[in-house]
Amino acid sequence: GSVVSSGFYDIVELDPEQDKLTFEMLKEVIHEEDWDHFLSAVDEGIETGKLDFNYRVIGKETGKVKHIHELGRVEYDHEGEPATLNGTIQDITESIEYQEKLREITERYRRAEEIAGFGHWYRNVRTDDVVWSDGFCEITGRDPEGETGYEAMLDRIHPEDRDDYDAAFKEALQTGSLNVRYRLIKSESGEIGYFQELAQTEYDEKGNPVAISGTIQDMTEREE
């Protein structure tokens, strides 16, 4: 026999008083595309002693698809046969939907960058850690796996514009905003491109600069 928590009945919209959770009933509520995955995950759990997997169920009343995370452990009898399975079942639908929405927004953002010839960047001025968007790497020819330090970035700026950029960047840490145009030597091709950067500085509660982030736009076609 098995005991299923009332929480699982709530998730799959069954009445524990009326609906007995049989193998057939389980097959009805688990999404058909995940049924084989569910069975193999349970079999694997019986072999290894641990369960940790996701699957979808369909609410019996509403027909709504819900995402479940199941975590559990198998206890064996003195002959090494599986005796009991204990665990938890969590409705992770909101989390999964949020991740999907985030992926969608990120993809739209990437497309918008591509169309507009834009990139986004973030630099932690305390640690010198940097985050570059795909658009940033695309238009500047930078390798996201390459050297990302501030000095390495300065080295890519045209020698005639380097001091001006450095002065503008350092001033922006004090004033709160950056608006600078400069020439950059693209890493891969060695071509020179014209770029415009706009950025805002973030400060801690004592007013010390923590990070600076903003946009970069390829202005080469307008300059030539």
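## Close-up views of the predicted chain

**View A. Helix α4 gives way to G117, whose phi is positive, near 70 degrees.** The model is a predicted one: local features need pLDDT of at least 70 and side-chain atom pairs count only at pLDDT 80 or more, while totals for chains, interfaces and linings use all residues. Residues are numbered from 1 along each chain as its sequence is written, and side-chain values use heavy atoms, with hydrogens and water left out. Helices (H or I, at least four residues) and strands (E, at least two) are DSSP runs, numbered from the N terminus. Helix α4 covers residues 93–116, and its 24 residues should span 34 Å at 1.5 Å a residue; the end C-alpha atoms lie 35 Å apart, which agrees. That expected span is 1.5 Å times one less than the number of residues.

**View B. T93, I96 and E113 are the residues to look for in α4, as they are buried.** Here buried means under 20% relative accessible area, exposed over 50%, and partly exposed in between (1.4 Å probe, protein chains only). What covers the buried residues of α4? The cover includes β2 (65–76), β3 (82–91), β4 (118–124) and α5 (134–140).

**View C. R123 and D128 pair up in a salt bridge, their closest N and O atoms 2.9 Å apart.** A salt bridge needs a side-chain nitrogen of Lys or Arg within 4 Å of a carboxyl oxygen of Asp or Glu, and the count by this rule is 14. R123 counts as buried because its relative accessibility is 2%, whereas D128, at 30%, counts as partly exposed.

**View D. R183 meets D161 in a salt bridge, at 2.9 Å from N to O.** This pair ties together distant parts of the chain, 22 residues apart: R183 sits in strand β6 (residues 177–185) and D161 in helix α7 (residues 159–175). R183 has a relative accessible area of 17%, so R183 is buried; D161 is buried too, with 13%.

**View E. E75 and R73 form a salt bridge of 3.2 Å, N to O.** E75 is partly exposed because its relative accessibility is 34%, and R73 is also partly exposed, at 47%. Elsewhere, a network of salt bridges links E33, D34 and R56.

**View F. The largest nonpolar core brings together 23 residues, and W121, Y165, F169, L178, Y182 and I212 have the most contacts inside it.** Elements giving two or more residues to this core are β5 (130–132), α5, α6 (150–156), α7, β6, β7 (192–203) and β8 (209–218). The most comes from α7, with 5 residues. A nonpolar core is a set of buried Ala, Val, Leu, Ile, Met, Phe, Trp, Tyr and Cys residues joined through side-chain atoms within 4.5 Å.

**View G. L178 makes contact with W121, Y165, A168, F169, A172, E197, L198, A199 and I212, leaving aside its neighbours within four places in sequence.** Contact means heavy atoms within 4.5 Å. In soluble globular proteins, nonpolar side chains tend to be buried together. Zooming out, the chain has 8 helices and 8 strands, and buried residues make up 38% of its 224 residues.
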